[in-house]
Amino acid sequence: MNLELRILGWLQGLILGLILAAPLLSPAHMPWGVQILFALSAFQLRQADRRWALRPGMVGWISHIRMAPSRMLPWAASAVVAFIADGGGAATPGAILLAALTCELLLYPLLTRLIGGWQWRRAALAMIGLIAACAIVPAGAMQNIAMFALGVTGCLFWLRGPDGDLRATLAAFGGGFSAIILAFAMPATMALAFPLAVISLIVGCAQATTVRRQLLPWTGHYGAGTGWLQRLRSRPS
């Protein structure tokens, strides 16, 4: 799990760095980076929370809100940069801060309650609906909120899916790169291809961290005093 969180943390830091450098590099592309950051942050937040059982009643909600100020720092920095870059659409300061507050304080606690017990098939259907929603919602805060919901649902889909399956990893990356090619070949599909590419590549990166060689099973016929040593020896070098 630490490796998964570390890789997604590096990716999140890279996207945030590009957003902060947007006034110098390409202010026109800042809205795309902001939407990616919302989806990636939601995915990483849900992934970090998977170790903890939901607390009953309002206790879990209050506990989540108490930790929200530290997570608001990247959004505050992005809003300042958006003000400097004079970005539009999803990259205006108001759109970033309004979406961040809504997602952190309201949407995420609600989603974890509503979809926490779903299996991967229901999560996949919800992802398809949210991809369509990302394409049709008005530009601005609603786009960021929709991408955040897509990131949470995408993480749930990944958590409920196959663990360490190479075919699932290749399918995720294949879907992401296919969406990118489709967007360049047919620019009219950009609104739909962009969220599809984002969530596919995020799921692919997370899935790639769980791909491992098949370990030999422990048969359990060794003595009780040396079983743990024999288990280590039974693993391939």
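**View 1. F157 in helix α8.** F157 sits in helix α8, which covers residues 141–160. Helices here are DSSP runs of H or I with at least four residues, strands are E runs of at least two, and both are numbered from the N terminus. The model is predicted: local features need pLDDT of at least 70, side-chain atom pairs count only at pLDDT 80 or more, and totals for chains, interfaces and linings use all residues. Residues are numbered from 1 along each chain as its sequence is written, and side-chain values use heavy atoms, without hydrogens and water.

**View 2. Surroundings of F157.** F157 touches W120, A123, A124 and M127, leaving aside residues up to four places away in sequence. Contact means heavy atoms within 4.5 Å. Q119 is 38 residues from F157 in sequence, yet their C-alpha atoms are 7.4 Å apart. Buried means under 20%, exposed over 50% and partly exposed in between (1.4 Å probe, protein chains only).

**View 3. The largest nonpolar core.** This core has 52 residues; F38, F43, M147, F148 and L150 touch the most other members. Helix α8 gives the largest share, eleven residues. A nonpolar core joins buried Ala, Val, Leu, Ile, Met, Phe, Trp, Tyr and Cys residues through side-chain atoms within 4.5 Å.

**View 4. Contacts of M147.** Beyond residues up to four places away in sequence, M147 touches Q35, F38, A39, C134, F194, P195 and V198.

**View 5. Residues 123–139.** The end C-alpha atoms of this span lie 25 Å apart. The span is 82% helix and 0% strand.
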